[in-house]
Amino acid sequence: MEKADGLDFSECVYNLLYKTAEECEEPKKPRLKYKSVYSDQVKEEIKKNRSSHRTMGVAEETLPQPQSFLKKHTKELKLEEQFAVARPPRERDHCCPKTVPVPRRNEMKEMPKSEATKKDFVSLNATKAVLTPALKPVIKQVDSRNGSSFQLPTSGLQPLFLNKKVERTLMLQFYGRVPPYLEQRKKEIEEEQQEYEAYVGENVEQGNMKQIADEERQKMLQGLKNNWDSLFKIYQKMSLTIDTVGKKRKKAQLEAEMKQLEKDISLLEGYPTIYLLQ
């Protein structure tokens, strides 16, 4: 409220109204930035000491005229100027021995006639060209419509060495017959079988070994197969989820017994004659 004649009219009806907390708070004063006391003095000193062209200096060259613009290849050295420029000598870490320079055409000495060759290379090349046999074309066979081919001499489809006597006699000698190394191997196998039969016959005569009869072998084989079927039925009746220790142990035991029975069955079926040691 305004003051008049020393009277304070701050008391007013509007001051008794309800005000919010934001309205009651005093407005915050803006925070002023720091200003140095010597700022004006520094500005004046900078203006005093400043002068034009202090760093780079006055330009010495005059600006080019627009009529004399820069053209292509004007700053490049000409061929004569390039050779005239003196290049500094290159420093080297090692010194190579100087070789004899190649003699020029006018410095060449004529070869003496005694050292010159007397061969006539033209006639030699002509006779060589006449005497060399002509190249024979490679015999090929095309086996598809796309043009893929193969050479016949190395394919095995063409008979070779028919006109040579030595190879033909050797081929006719062993043609359609068993090779000698196979006959030798067959004899060795027969001798080993005879030795084994002789050894078994001696033990049977002495009573150390006994041959199992065919009927007994069939009964044993049938019994093993029946045992395997019974174990397989038990294995199939097991639960699908094997989560306990007992189930795992039972499954492992059944698989081991079935494997052993399969080995025994294959042994009896594979060997019709079986001997037992007494």
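Biologist: Why is R217 counted as buried?

Modeller: Its relative accessibility is 9%, and buried means under 20% relative accessible area, exposed over 50%, partly exposed in between (1.4 Å probe, protein chains only). So 9% puts R217 in the buried class. Before you ask, this is a predicted model: local features need pLDDT of at least 70 and side-chain atom pairs count only at pLDDT 80 or more, while totals for chains, interfaces and linings use all residues. Residues are numbered from 1 along each chain as its sequence is written, and side-chain values use heavy atoms, with hydrogens and water left out.

Biologist: Where is R217 found, and what does R217 touch, not counting residues up to four places away in sequence?

Modeller: R217 sits in helix α7; helices are DSSP runs of H or I with at least four residues, strands are E runs of at least two, and both are numbered from the N terminus. Contact means heavy atoms within 4.5 Å, and leaving out residues up to four places away in sequence, R217 touches I212, L268, E269, Y271, P272 and I274.

Biologist: What makes R217 and P272 a polar contact?

Modeller: A polar atom of the R217 side chain lies 3.3 Å from the backbone oxygen of P272. The rule asks for N or O atoms within 3.5 Å; within protein, one must be able to donate a hydrogen and the other to accept it, and residues adjacent in sequence count only if both atoms are side-chain atoms. The 3.3 Å separation falls inside the distance limit.

Biologist: How do you know that D214 forms a salt bridge with R217?

Modeller: Their closest N and O atoms are 3.4 Å apart, and a salt bridge needs a side-chain nitrogen of Lys or Arg within 4 Å of a carboxyl oxygen of Asp or Glu. So the D214 and R217 pair qualifies. Both residues lie in α7, three residues apart, about one turn of the helix. An α-helix has 3.6 residues a turn, so residues three or four places apart point the same way. D214 itself is partly exposed, at 48% relative accessibility.

Biologist: What other salt bridges are there, and how many by this rule?

Modeller: The count comes to four. One of them joins E269 and K225, at 3.3 Å from N to O. E269 lies in α8 and K225 in α7, so this pair ties together parts that are 44 residues apart in sequence. E269 is partly exposed at 46%, and K225 is partly exposed at 32%. Another is K247 with D243, the closest N and O atoms being 3.9 Å apart. K247 is partly exposed at 31%, whereas D243 counts as exposed at 55%.

Biologist: What makes T244 a cap for α8?

Modeller: A side-chain oxygen of T244 lies 3.4 Å from the backbone nitrogen of K247, at the N-terminal end of α8.

Biologist: How do you know that α8 has close to its expected reach?

Modeller: Helix α8 (residues 245-270) has 26 residues and reaches 38 Å from its first C-alpha to its last. The expected span is 1.5 Å times one less than the number of residues, and that expectation is also 38 Å.

Biologist: Why is L157 called exposed?

Modeller: L157 has a relative accessible area of 60%, so it passes the exposed cut-off. L157 lies in the loop between β4 (149-151) and α5 (165-174).
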